[in-house]
Amino acid sequence: MKVQFKRIGLAVAFSPTSQALLTEACRWTSLHRAELVLVHVGPRTPAAEEQMRQLVGTVSITPTILWREGNPVKEILGFCKSENIDLLVAGALKKENLLQNYIGTVARKIMRKADCSILMIQNPSVESKLVQNIVVNAEDSPFVEQAIEVACAIGEWRKTQWIHITRELKLLGLALAANEQCTEDEYHESMQGMVREEVDEVEKMLGHIPHQHVKINIKMLSGKSGFELALFAERKKADLLVVGAPERRFSLLDRIFPHDLEYIFANMPCDLLVVNPKKKKHG
Amino acid sequence: MGKLSHADVVHLLMQLSIMLLLGRLLSEALRKFKQPAVIGEILAGILLGPTILGMVKPEWFQALYPVPSPTATVLTGFVQVAVIMLLFIAGLEVDLHIVWQQGKQALSTSFLGLIVPFSFGFIFPYFFPDFFGIADQHEKLTFALFMGTAMAITALPVIVRILMDLNLFKSKMGMLVVTSAMVDDLVGWLIFSVILGMIGKQGDSFSILNTVLLTITFVAVMLTLGRGLLNRILPWINKKLAWPGGVLSISLALCFLGAAFTEYIGLHAIFGAFIIGVAFGDSKHFSERAKEIVHQFINNIFAPLFFVSIGLRVNFITNFDWALTSVILLIAFAGKIIGSGLGTRLGGFSWRESIAASFGMNARGAMEIILGLVALENGLINERVFVSLVIMALITSITSGPLMKWVLKR
């Protein structure tokens, strides 16, 4: 299933980064030949309308503008649904404090509950930034292939140097310890076998995804997957982390016994793209 | 600190050496048949203990493992420490974050995989206590609760090994089975801790309510505050102390501290070690490599001493009761196959896959033997029941792999 971002949404809060975020959203809109829809949650006053007019005036695309009032999270999620948004672009802080993590900021709440793909940008810029390293998580999501496909497309578009595709050796410590009845050679063979299996899996997926102009590095991670993924992205100085959306929405318990993505939401190593073509699947 | 005589030191070292050597020898022999090491180690104990050596050459057995003697006391200490360490690694294996990630499916599978065998294990001893050798009415309840727990517990490493052999470890079904086994173990040890608290030691038994409250408080504190604290100190340990020495010493030190604390407050020491293990295992800063090192260190040095020692203390022939063993085996197979099978089926798998998964979950392995031994030491079960439980643990472990393969091939 090819991922298509036909309708791109942007929540405008009139913050200092709004213009940069809009420019970033316009880049994605042009690339995908999509429609851009802006939403502002707040009273539609003449001053707000003027601010919006000025903001939109800085870009070449003419977006559709919608005004909503009420709870920002609820309204933005409702906007994504009613407007059939494929990709929501939003700004996010790198880190939440402990209280924010449990209560959840607007951006994080949207990340946890949205039914469409989301691009969270930490430091949006009006100038087009280089995207030299993209890390893709090829695990724990029904949309792994789509995540790789989107990452490869971005890689080709932004002339990315490396795309690092990560797989996880799950419960490696336990698996190796359970492998007690083997000789040293068998032990190494079993370890190599586990790695080979994962690499084969990724190569199989790459077989039908165009990626001729980007260099691919397949990397194995072990440990708490989201945490290790964030560490790896930091180590590689990644500009973008692409992950497939999980099968279900997150609850508070996912923050207590963190889901992989919760580690990333809590401390975003770089810009984050959560690929979620769920809506398409359900028609 | 007390001192052993020169002769005692030589004697103790000989005992340890013989246990490790024979345990390894028989484990290697069983490796040829793809069987877990624990079976070879139990057989080594049976050979060295009253069952074989004690029958054939009683004077040799007495000379090698005299009771009472200073070496016997030290050996008991070794075994006690081994049990605590084994429970620590059992705790390390429980990965709460993977369990939660599997979602409701894992919870429903593990719930049925726990409740059905527990009910089977509880009902039979409760209504037919005489058959199990229980006369006292109060004992009847604790014994039935124990048997329920013994039927519910699973052997995670055996399951992992089987799933790896079948190339199913990382599959959806594999992860469901592994996480369900983790939940069953966690709940099983919680229940067992409550049972041990109920019978108490030296007559200082707690009320059920006190024991349950103590257990839940300890678990809640360790898995919230304790886990948070570990997440703060582990990065410092990894960064500042020698690796893996630092993390190994500190984790085992905290394991013993937790074990001492639970023993002090009236819960069994093994429970503290288990929960500290869960807290460590769940920390994102406790690496998989560190986990493997702890596993290998304990599994290959302390575990053999523990499993060989079992055969040294119990006569497997005089205490073998074929009727009791058959009934326990029947309850064990029926409970897990029905419970886990239904649970996996409800989790969305086909009947064939569900039955295969239930055969995997049927392996009881080392955990059952530890559970049995602690129950024996605390006067909860007699030697006949213990022998039957050990045989059940071995048979379920040996058969689960082939049965799973057979069902999946059909």
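Student: Which residues does A:Cys26 touch, leaving aside those up to four places away in sequence?

Tutor: In this predicted model, A:Cys26 belongs to helix H1 of chain A, residues 18-31. One of the residues in question is A:Ile61, 35 residues away along the chain, and the two C-alpha atoms are 6.8 Å apart. With the residues up to four places away set aside, the contacts of A:Cys26 are A:Leu36, A:Val59 and A:Ile61.

Student: Does A:Cys26 count as buried, partly exposed or exposed, and why?

Tutor: A residue needs 20 or more other C-beta atoms within 10 Å to be buried, and 12 or fewer make it exposed. A:Cys26 has 19 such neighbours, and therefore its class is partly exposed.

Student: How many residues of strand S4 in chain A are buried?

Tutor: Strand S4 covers residues 87-91 of chain A. In a regular strand, side chains alternate between the two faces of the sheet. On one side of S4(A) lie A:Leu87, A:Val89 and A:Gly91, on the other A:Leu88 and A:Ala90, and all are buried. The count of buried residues in S4(A) is thus five of five.

Student: Which residue of S5(A) is the bridge partner of A:Gly91?

Tutor: S4(A) runs parallel to strand S1 of chain A, residues 7-11, and three bridges join them; among the pairs is A:Ile8 with A:Leu87. S4(A) is also parallel to strand S5, residues 117-121, through five bridges. In S5(A), the partner of A:Gly91 is A:Ile121.

Student: What percentage of the residues in chain A is buried?

Tutor: Chain A comprises twelve helices and ten strands. Of its contacts with a separation of 6 or more, 82% link residues 24 or more positions apart. Among the 283 residues of chain A, the buried share is 43%.

Student: How many strands does chain B have, and what percentage of its residues is buried?

Tutor: The secondary structure of chain B consists of 18 helices and zero strands. In chain B, 78% of the contacts between residues at least 6 apart in sequence join residues at least 24 apart.

Student: What is the radius of gyration of chain B?

Tutor: The C-alpha trace of chain B spans about 60 × 60 × 50 Å along its principal axes. For 410 residues, a compact globule would have a radius of gyration near 22 Å, and the value for chain B agrees with this, being 21 Å.

Notes
Residues are numbered from 1 along each chain as its sequence is written. Chains are lettered from A and ligands numbered from 1 in the order in which they are written. This is a predicted model: local features need pLDDT of at least 70, side-chain atom pairs count only at pLDDT 80 or more; totals for chains, interfaces and linings use all residues. Helices (H or I, at least four residues) and strands (E, at least two) are DSSP runs, numbered from the N terminus. Two residues are in contact if their C-beta atoms, placed from the backbone, lie within 7 Å. The radius of gyration is taken over C-alpha atoms; the globule rule is 2.2 Å times the number of residues to the power 0.38. Two strands pair if DSSP finds at least two bridges between them.
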